[in-house]
Amino acid sequence: MSIRNLQTGDPAAPWPASTAQPAEVSVARGSPVGHGGLPASGKPEWLRVKAPQRERIGAVADLLLDLKLNTVCQEASCPNIGECFAGGTATFLIMGPGCTRACPYCDIDFDKSVRALDPSEPERLGEAVARLGLSHVVITSVNRDDLADGGASQFVACIQQVRRRSPLTTIELLIPDFCGDWDALAAVMEAAPDVLNHNIETVPRLYRKARPQGVYERSLELLAQVRQRWPRSYSKSGLMVGLGETDAEVLEVLADLRRHQVDIVTIGQYLSPGPKHLPVDRFVIPEQFERFRRHGEQELGFLQVVSSPLTRSSYHAGEVQRLMAQHPR
């Protein structure tokens with residue numbers, strides 16, 4: 001499982017109305033090209049992020065260490081960790097850190113062993129939310145296919161603890177697919193999260209390579225059920241670009257998500273965690289991300305499309321409160 005986040009790209013002109021898809025762009029304009037169609041110098045400038053300073057992340061990191069909690073920010077090597085931790089925010093990773101799926105794009109450790117849940121984790125998470133004074137919290141998990149309910153009960157317990165300690169905090173969940181167990185989904189949704197996120201991750205053609213234990217249609221069905229059965233919750237999904245997809249395939253995924261009534265979409269650049277993971281196929285320029293955003297919002301009708309190279313699902317996720325105020329349910 002990976003996590004997509006939120007950061008606005010540079011403005012650019014929208015696609016012409018008569019154009020079915022934007023031109024394919026693989027590298028920064030003017031950049032020398034090396035092997036594989038990538039810039040010879042490595043990452044383009046728009047993907048360069050300063051390493052976080054200890055003093056910027058220390059307070060949040062110390063609190064997480066004290067409460068023995070994991071975050072996606074740390075486990076998935078998120079490039080925005082410095083900014084988020086400095087702002088006193090984090091996306092909590094429960095039931096981890098080991099994941100029972102070995103997706104080759106993800107930096108979270110693989111662990112297929114059967115492990116008991118930690119009954120104290122929800123209470124510790126609730127305490128962290130209260131101590132950080134969060135107005136909006138994001139809770140996600142590794143895949144736990146070893147559990148009968150995929151970990152749905154732990155999500156419910158975490159929601160209950162956050163509501164007990166911080167009743168005004170809005171709650172966003174980023175959940176796995178529960179292997180298509182819709183009773184597990186129902187248990188989570190009956191706890192009434194404000195936002196339910198499940199990432200589609202990539203285009204269907206690349207599922208066998210990038211998400212071999214996932215099923216594209218199953219993820220769409222999960223998102224559809226959320227909107228149909230629990231219409232008061234806002235639904236959200238996200239995908240990576242740079243894994244080998246075409247722009248036309250990205251547009252098809254956006255159209256699929258909108259047909260399944262998804263409200264919010266995030267699109268970000270895939271960055272390979274290391275040599276044992278899938279390589280980057282292309283670096284998409286910021287203007288292309290902006291075209292995806294405009295198409296999704298203006299042509300397809302999403303409430304919000306957050307699309308930029310450094311976008312990740314939960315970065316600045318508190319902005320969803322503004323959407324909730326504009327589009328109350």
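Helix α8 covers residues 216-229, 14 residues in total, and spans 20 Å from its first C-alpha to its last, close to the expected 20 Å at 1.5 Å a residue. Helices (H or I, at least four residues) and strands (E, at least two) are DSSP runs, numbered from the N terminus, and the expected span of a helix is 1.5 Å times one less than its number of residues. The model is predicted: local features need pLDDT of at least 70 and side-chain atom pairs count only at pLDDT 80 or more, while totals for chains, interfaces and linings use all residues. Residues are numbered from 1 along each chain as its sequence is written, and side-chain values use heavy atoms, with hydrogens and water left out.

Of the 14 residues in α8, 10 are buried, so the helix is mostly covered; buried means under 20% relative accessible area, exposed over 50%, and partly exposed in between (1.4 Å probe, protein chains only). The buried set includes Tyr216, Leu220, Leu222 and Leu223, and also the charged residues Arg218 and Arg227. These buried residues pack against α6 (182-190), β5 (195-197), α7 (207-210), β6 (234-241) and α9 (247-259).

Helix α9 has 13 residues and reaches 19 Å between its end C-alphas, close to the 18 Å expected. Among its buried residues are Asp247, Glu249, Leu254 and Leu257, and the buried residues of α9 pack against α8, β6, β7 (264-269) and α10 (286-300). After α9 comes glutamine 261, with a positive phi near 65 degrees.

The largest nonpolar core holds 39 residues, and those with the most contacts inside it are Tyr105, Ile200, Leu257, Val265 and Ile267. Such a core is a set of buried Ala, Val, Leu, Ile, Met, Phe, Trp, Tyr and Cys residues joined through side-chain atoms within 4.5 Å. At least two residues of this core come from each of α7, α8, β6, α9, β7 and α10, and α9 gives the most, with 5. Apart from this core lies another, of 35 residues, including Leu64 and Ala184. Leaving aside neighbours within four places in sequence, the contacts (heavy atoms within 4.5 Å) of isoleucine 267 include Leu239, Leu254, Phe289 and Phe292.

The count of disulfides is 0, a disulfide being a pair of cysteine sulfur atoms within 2.5 Å. Cysteine 103 has its closest cysteine sulfur in cysteine 99, 6.5 Å away and therefore too far for a bond. For cysteine 106 the closest is also in cysteine 99, at 6.6 Å, again too far. Cysteine 103 is buried at 9% relative accessibility, and cysteine 106 is buried at 8%.
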